[in-house]
Amino acid sequence: KGDNRTVAASMASLAIARLLLGRNAEAEPLFTQALEMNQRLYKGDHMDVASNLSNLARAHQALGKTDEARQAFDEAVAMLRRLSPEGSPLLARVLWRSATARVDNGDAAAALPELEAAVTMAEKLLPPEHPQLKEYHETLAKCKEALAEQGKVNAKGDGE
């Protein structure tokens, strides 16, 4: 079928550029094509496939396709955990992205374990001044605030 690693990487790069420009509907099919090509090129688990899954999840999320985003994030996290049982900066990033999507969709309780895992992993693997650490800590604080707010609403009953 003419599959080529360079072509797949180029499609993924073009899709990322479109995603960053907010052209999400254009990014999604490019991510899908890059993913499918990499799945044909790499049988089984591979970092490029996991990265494609994560990026496709981002496009789904941006388009409001929550279920599709959740499935792609879950597949990417599972694959990265198999590929890097001790953790990796990429796994921490995908956990953070997945958790951020959960928080944004009002599911802070499900996001909390992913965020805690991302922070713990990143603190072990990244230098203390790395900008992603600040980002992860801020998202964790946001998640905990959301959970605290939910607790206040639930404790008072019906939000009164």
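Does Glu28 count as buried or exposed, and at what relative accessibility? At 13% relative accessibility, Glu28 counts as buried, where buried means under 20% relative accessible area, exposed means over 50%, and partly exposed lies in between, with a 1.4 Å probe and protein chains only.

Good morning, colleagues. The structure above is a predicted model, in which local features need pLDDT of at least 70 and side-chain atom pairs count only at pLDDT 80 or more, while totals for chains, interfaces and linings use all residues. Residues are numbered from 1 along each chain as its sequence is written, and side-chain values use heavy atoms, with hydrogens and water left out.

I shall stay with Glu28 for a moment. Its side chain meets that of Lys65 in a salt bridge, at 3.0 Å from N to O; the term denotes a side-chain nitrogen of Lys or Arg within 4 Å of a carboxyl oxygen of Asp or Glu. Glu28 lies in helix 2 (residues 24–41) and Lys65 in the loop between helix 3 and helix 4, so the pair ties together parts that are 37 residues apart in sequence. Helices here are DSSP runs of H or I with at least four residues, strands are runs of E with at least two, and both are numbered from the N terminus. Lys65 counts as partly exposed, at 31% relative accessibility. In total, the structure holds eleven salt bridges.

Let us turn to helix 4. Its 18 residues, 66–83, should span 26 Å at 1.5 Å a residue, and its end C-alpha atoms are 26 Å apart, which agrees; the expected span is 1.5 Å times one less than the number of residues. Among the buried residues of this helix are Ala69, Phe73, Val77 and Leu80. The cover over its buried residues includes helix 3 (47–62), helix 5 (89–104) and helix 6 (108–125).

Because they are four residues apart in helix 4, Asp74 and Arg70 are separated by about one helical turn. Asp74 is partly exposed, at 35%. Asp74 also meets Arg102 in a salt bridge, at 3.4 Å from N to O. This second pair links distant parts of the chain, with Arg102 in helix 5 and Asp74 in helix 4, 28 residues apart. Arg102 is buried, with a relative accessible area of 15%. Arg70, Asp74, Arg102 and Glu114 are linked in a network of salt bridges.

I come now to the interior. In soluble globular proteins, nonpolar side chains tend to be buried together. A nonpolar core is a set of buried Ala, Val, Leu, Ile, Met, Phe, Trp, Tyr and Cys residues joined through side-chain atoms within 4.5 Å. The largest here has 40 residues, and those with the most contacts inside it are Phe31, Leu115 and Cys143. Elements giving two or more residues to this core include helix 1 (5–20) and helix 7 (131–156). Apart from it lies another core, of five residues, including Ala8, Met11, Ala12 and Ala34.

Which residues does Cys143 touch, not counting those up to four places away in sequence? They are Val103, Ala108, Ala111, Leu112 and Leu115, a contact being heavy atoms within 4.5 Å.

Finally, Asn55 has its place in helix 3 and is buried, with a relative accessible area of 6%. Not counting residues up to four places away in sequence, Asn55 touches Ile16, Phe31 and Arg97. Thank you.
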